[in-house]
Amino acid sequence: MATDQPDPPVKSTYSQGHSAEVVASHSARTVSNSAAFLLPHLRPHFSLLDIGCGPGTITSGFCAHLPRGKVTGVDLGDSIIEQATSSHPAAEYPNLKFEAADILQGLKYSDDSFYVVYFHQTVLHLPDPVRAIREARRVLKPGGMLAMRETDSLSWYPDLPGLKRYNQCLDDMLRSNGAPGLYRARGLHAWASEAGFEREKMMVGAGTTVHSSPEERMWWGTVHINRLKGESVGGKMKSSGSVTAEGVEEMVRDFEKWIEHPDGWYAALQCEVIATK
């Protein structure tokens with residue numbers, strides 16, 4: 001007689017990796033530009049777990065808001081955890097630590113350990129978002145909050161063909177690892193419901209990331225050009241078969257055009273959810 005068995009755990013993936021050109025842009029993320037929706041709900045004694053912390057620039061920013069609490073950042077790779085740890089010495093951040101962990105393989109923390117669990121640009125890279133959210137819920141204290149902020153879609157002006165191709169190739173690259181990819185973060189709250197959170201205990205909203213000034217266009221366009229010229233993004237796009245070398249060159253040329261265009265504009269829709277256990 002057959003019995004229902006839980007799906008075996010899968011490993012987390014991060015398609016872009018932690019190359020220098022990727023980490024350089026992640027290091028520009030702060031609590032102000034990436035977690036402002038959560039800050040009004042924090043209390044000084046709260047403990048917080050940041051899943052997919054990267055170089056730790058957001059994670060460390062929570063410390064000032066939680067002076068009597070503890071802040072923990074976790075990510076997949078030992079190298080990025082070592083970088084985050086070395087960049088945030090204990091003398092300066094006494095309530096902060098970083099550890100390697102894979103949420104899809106199960107976290108080492110006990111049930112009901114944290115007041116807050118935070119995801120930022122992480123869920124869209126995971127092959128099983130509901131499993132990840134369910135594990136986050138497990139380590140939350142009763143009454144604790146799961147906060148998520150994930151990119152849904154990218155918009156560019158002018159509407160250059162290389163930038164349209166970039167959006168499609170980025171989505172293809174994410175999906176090639178089994179992750180949801182773009183255009184799916186609009187369902188964050190539905191994934192949270194499936195993972196056991198009650199819809200009436202959620203705050204569902206959205207924000208935007210916009211780059212339009214000459215300085216912003218230079219920085220953001222150069223970030224993407226460097227990624228496309230490196231193996232972290234451009235190389236993976238080519239190896240997955242979603243684009244040829246000539247296609248990557250087209251994307252680079254159009255990013256250069258976008259940087260120089262006086263009306264160049266970029267916006268990302270950021271879906272935001274706070275779900276209370």
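Rings of Phe, Tyr and Trp, the last represented by its six-membered ring, are taken to pair if their centres lie within 6.5 Å. By this criterion, nine aromatic pairs are found in a search of the whole structure, which is a predicted model. One of these pairs is formed by tyrosine 166 and phenylalanine 255, whose rings are arranged edge-to-face, with 5.3 Å centre to centre and 85° between the planes. The pair links distant parts of the chain, 89 residues apart: tyrosine 166 belongs to helix α6 (residues 161-176) and phenylalanine 255 to helix α10 (residues 245-260). Both tyrosine 166 and phenylalanine 255 are buried.

Beyond neighbours within four places in sequence, valine 210 is in contact with Glu216, Trp265, Tyr266 and Ala267. Valine 210 counts as partly exposed because its relative accessibility is 36%.

Glutamate 135 is located in helix α5 (residues 129-139). With a relative accessibility of 12%, glutamate 135 is therefore classed as buried. Apart from neighbours within four places in sequence, its contacts are Ile103, Gly106 and Leu107.

Charged side chains are also placed over aromatic rings. Arginine 137 lies over the face of phenylalanine 197, at 5.5 Å from the ring centre. In lysine 141, the charged end sits over the ring of tyrosine 115, 5.2 Å from its centre.

Notes. Residues numbered from 1 in each chain as written. Predicted model: local features only at pLDDT ≥ 70, side-chain atom pairs only at ≥ 80, totals over all residues. Heavy atoms only, no water. Buried < 20%, exposed > 50% of the residue type's maximum accessible area, 1.4 Å probe, protein only. Contact = heavy atoms within 4.5 Å. Helix = DSSP H or I, 4+ residues; strand = E, 2+ residues; numbered from the N terminus. Phe/Tyr/Trp six-rings, centres within 6.5 Å; stacked < 30°, edge-to-face > 60°. Lys NZ or Arg CZ within 6 Å of the ring centre and 35° of its normal.
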